[in-house]
Amino acid sequence: MLAIEHSILAILSFYPSTGYDIKSEFEHKAAGLYWGMSYGSIYPKLKKFEEEGFIYPIEQDEEGRKKKLYELTPKGWEEFEDWLRFPPSYPNIRDELLMKMSTWHEDIESSILISHLLKRKETTEDLLEFVKDWPKNGVSYISNFGMLAIRHAEIQLEAELMWIEESINALEKNQLPIGQDPNGNTEKLLERRRKAIQEEKGK
């Protein structure tokens with residue numbers, strides 16, 4: 001079973017939940033710091049878990065309407081806790097801003113990269129505010145152990161804001177740290193780019 005599927009069992013360990021409850025946990029503002037899953041993939045997985053005996057449905061009346069919640073079976077609790085005990089893999093970082101920054105070159109205005117960083121700063125500040133208020137919203141369930149994960153998110157976002165400020169300052173003052181280019185790749189890259197543009201203009 002994949003970790004992304006175990007995350008559904010993890011949500012159900014909090015309390016019996018509907019598919020919508022689970023969806024909400026995966027889609028709130030800070031969910032991307034922990035996990036990600038599309039709405040459409042939750043219900044097929046719940047059905048599969050039920051068929052395999054990891055969960056069972058509970059019918060509940062709410063204001064005259066029937067609501068289906070899901071609860072862990074003994075087999076589901078065992079699977080979830082086996083996952084907790086298994087050493088986690090190191091996270092894969094897929095960050096488009098870092099990808100763009102790593103492949104930026106001198107022929108593209110640094111002001112554009114600064115605008116990307118300012119946009120990222122705005123989002124990061126918003127996320128940090130959410131994460132700091134999260135344990136005090138009077139609604140969310142966050143265990144004492146979960147508070148350690150939230151502290152990680154705070155430190156991560158605070159460090160990102162420091163890095164953004166440092167990067168913007170270096171770009172504005174044209175004081176970029178010295179990179180490594182043993183084969184003169186920067187010059188060759190710019191030469192190839194400029195040649196391709198000139199050839200296109202000459203057509």
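Contact is defined here as heavy atoms within 4.5 Å. The model is predicted, so that local features need pLDDT of at least 70 and side-chain atom pairs count only at pLDDT 80 or more, whereas totals for chains, interfaces and linings use all residues. Residues are numbered from 1 along each chain as its sequence is written, and side-chain values use heavy atoms, with hydrogens and water left out.

Helix H7 contains glutamate 154; helices (H or I, at least four residues) and strands (E, at least two) are DSSP runs numbered from the N terminus. Glutamate 154 has a relative accessibility of 15% and counts as buried, the classes being buried under 20% relative accessible area, exposed over 50% and partly exposed in between (1.4 Å probe, protein chains only). With residues up to four places away in sequence not counted, glutamate 154 touches Leu128, Val131 and Lys132. Alanine 159 is also found in H7 and is partly exposed, at a relative accessible area of 41%. The C-alpha atoms of alanine 159 and glutamate 62 lie 44 Å apart in space, at a sequence separation of 97 residues.

In helix H3 (residues 42-51), the buried residues include Ile42, Lys45, Leu46 and Phe49. These residues lie on the same side of H3 because they cover an arc of only 105° around the axis, the arc being that of the directions from the helix axis to the C-beta atoms. In general, an α-helix has 3.6 residues a turn, so residues three or four places apart point the same way. Lys47 and Glu51 are exposed on the other side of H3. The packing partners of the buried H3 residues are helix H1 (3-14), helix H2 (19-27), strand S1 (55-62) and strand S2 (65-72). Glycine 53, with a positive phi near 85°, follows H3.

Serine 17 is placed in the loop between H1 and H2 and is buried, its relative accessible area being 0%. Its side chain reaches the backbone oxygen of tyrosine 15 at 2.8 Å. When neighbours within four places in sequence are left aside, serine 17 is in contact with Ile11, Leu12, Ile22, Lys68, Leu69 and Tyr70.

Tyrosine 141 occupies the loop between helix H6 (110-133) and helix H7 (144-172) and is partly exposed, with a relative accessible area of 46%. Together with Phe14 and Tyr15, Tyr141 makes a nonpolar surface patch of about 290 Å².

How values were computed
Patches are made of residues with over 30% relative accessible area and no salt bridge: like charges are joined within 9 Å, nonpolar side chains (Val, Leu, Ile, Met, Phe, Trp, Tyr) within 5 Å. Accessible areas come from the Shrake-Rupley method with a 1.4 Å probe; for residues, only the protein chains shown count as cover. A salt bridge is a side-chain nitrogen of Lys or Arg within 4 Å of a carboxyl oxygen of Asp or Glu. A polar contact is a pair of N or O atoms within 3.5 Å; within protein, one must be able to donate a hydrogen and the other to accept it, and residues adjacent in sequence count only if both atoms are side-chain atoms.
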